[in-house]
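Here's a quick walk through the model you're about to see.

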Amino acid sequence: MTTIQDTPAPTRTRRLPRVRWTVALAVGVVAFFALAAAAPQLLATHDPTALDLTASLRAPSLDHWFGTDESGRDLYSRVIHGTRESLAIGLGAAGVSLVLALVLGSAAALAHRYLAGAVNRFVEILFAFPTLLFALLLVAILGPSATTQILAVGIGSAPGYARIVRGQILAARRSGYVEAAVALGHPRGLILRQHVIPNAVRPLVAVFTLCVGQSIVWASSLAFLGLGVAPPSSEWGALLDAGRTYVTHAPWLIVIPGLVIVVLALAATAIGKDIQARLESGDE
Amino acid sequence: MTPTLQTESPTPAVAPAVAGGGGTSRALRAARSIAAKAVGGLVVLWGAATAAFAAQLALPGDRATVILNVRAGQAMKRTPEELAGVIEQYGLDHPVILQYLTFLGGLARGDLGNSYQQYRPVWDVIGEQIGATFALTFTAIVLAWVLMVVWVTLTAGRRPQVRALGSLAETVTAGLPHYWLGIILMLVFALGLGWFPVIGGTGLHGLLLPALTLAIPLAGFMGQATRAAFETALTQPFVISARMRGMGDLAVRLRHVLRHAVLPAVTLSGWALGATVSGAVVVETIFTRPGIGKVLVTAVNAQDLPVVTGIVVVIAAAYVVANLLVDVAYTLIDPRLRTS
């Protein structure tokens, strides 16, 4: 099982194409959805709940950019109005995940060695569970809802991030500047506060960005399985779940919400990797 | 170990004795390391079993009532007579620690408990379906390897544009959600072009699209790790010396570089088994394939926890076995690990 530790963690892969326009595009995408979450009425072209049975299941057109659903509701406006809830679930899950990861990761790196060993072993056991499986176990206990999605995805993806946190803290502890501070006779608490924690936490900005994108994907996977927010909502996962019924007749109902999630997740990944690359080059 | 081995072969035939002695101690060391890994694997399994047991306790409400409600599919008050039967059947009146030990003892004998809803052993429910899921995940991992090796060999260490394209494709495919990729593949190749059946079925023909859905993101993911190692290996002295001997570029890449570059991906494959099983849940839903993924979703919906936790334990076991195999594969690919 220890071999897993040698694995480069998914988020730490280097060799990204250093093309500036991808990052610019990603920032644009995120800004667009941030605006949609803050003020959906500015971007929506129709009332997201207005029924129009004469225009049901229309393919994307100039009037209905993303087409319409079975009740004639404009899909583009529904996607825009669902942004707030989808982002909230993604951010919430990433927050839960990161807090847990900080607690477990710093315990595994800083606690007394027996406790640290035990915590580390515990994290490794949790890491053995596939994220979605873990999330499904929690949904089985708590029943499907937005809160469950946040908790299930947050807890499910925490072990991976806990390993990253532990690695960061250990790397900071072994660094030259900490050695120098120890040699200068600085007290342990001061070294932790001034050197180890800031240097270990800074890379987590990148991790958090990657985590938000991943969380939205996991949460929408749960929703796709019918275990998310109930369909009247226009949360993106709920749109996917509702669109499944019409996959042969009106594929845009599932393809477009899926594409929106993919685009946002890729944008988050691109930004996260860019931050990571900047931090790493800054360290050198 | 080595001293005793040397006394066994004190003959002047130095070279074979050293080789033989090295071999035996190497085998011993390998066996010991595998044993340590197996113990680690048992700890993981024990953790999975404990989590599974805790999950059954964590269902809100009185357990006997919950079990009856899950069976009936509706929540209502139960009479003491009804409850007594269930308490008797599941031993709910015993102390928790005794229930836990009974559960662990059952697991050790291969008994995963009884389904709340289906009135039969969980193992029967899973056993019928698990073959289809393993066929799917196995095919997916093999396909992912083929895609990844071809793609990395073709694009790594080439002109900057080709390299950028190569790693961009990996980043994008690694991030694709299974549900979306599966729908796109189904729309294009099954509904649009009609090359494949829309509903998966169990045949080889129906297996390809579901397996590709799992394989493409996995290939992208493994490709990211392999590409970095591949490009490092390309600059190594042994590559230059192979080129100086007049070896062609493709032969160098396949015979020398690849062997060094695939190690991270081998490690990832053990981990990938878990990840593809996760994805299998989604893929089986899209392509209406039989498998434990569908059983799992149904059980989660019905809160049939013994089935859910049974699947968790079985997948954890598969994960442990896969990682042991990965360790063995590692030493086969990299002879340096046998001596170190």
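## The nonpolar cores

First, a term: a nonpolar core is a set of buried Ala, Val, Leu, Ile, Met, Phe, Trp, Tyr and Cys residues joined through side-chain atoms within 4.5 Å. Buried means under 20% relative accessible area, exposed means over 50%, and partly exposed is in between (1.4 Å probe, protein chains only). In this predicted model, the largest such core has 134 residues, and A:L136 and A:L225 have the most contacts inside it. Helix α11 of chain A (residues 252-283) gives the largest share, twelve residues. Helices here are DSSP runs (H or I, at least four residues; strands are E, at least two), numbered from the N terminus.

What does A:L225 touch, leaving aside its neighbours within four places in sequence? Its contacts (heavy atoms within 4.5 Å) are A:L132, A:L136 and A:R244, plus B:V281, B:V282, B:T285 and B:V297 from chain B. There's also a second, separate core of 32 residues, with B:A156, B:V262, B:A265 and B:A322 among them.

## Chain B at a glance

Chain B has 15 helices and zero strands. Of its 340 residues, 47% are buried. Take the contacts in chain B with a separation of 6 or more: 71% of them are between residues 24 or more positions apart.

## Salt bridges

A salt bridge here is a side-chain nitrogen of Lys or Arg within 4 Å of a carboxyl oxygen of Asp or Glu. A:R278 pairs with A:D274, with the closest N and O atoms 2.7 Å apart. They sit four residues apart in helix α11 of chain A, separated by about one helical turn. A:R278 is partly exposed at 48%, while A:D274 is buried at 6%.

In chain B, B:R158 meets B:D249 (3.0 Å, N to O). B:R158 is in the loop between α6 and α7 and B:D249 is in helix α11 of chain B, so the pair ties together parts 91 residues apart in sequence. B:R163 and B:E231 form another bridge, at 3.5 Å. This one links helix α7 to helix α9 of chain B, 68 residues apart in sequence. Shared partners also join B:R158, B:R243, B:D249 and B:R253 into one network.

## Reading the numbers

Residues are numbered from 1 along each chain as its sequence is written, and chains are lettered from A and ligands numbered from 1 in the order written. Local features need pLDDT of at least 70 and side-chain atom pairs count only at pLDDT 80 or more, while totals for chains, interfaces and linings use all residues; side-chain values use heavy atoms, with hydrogens and water left out.
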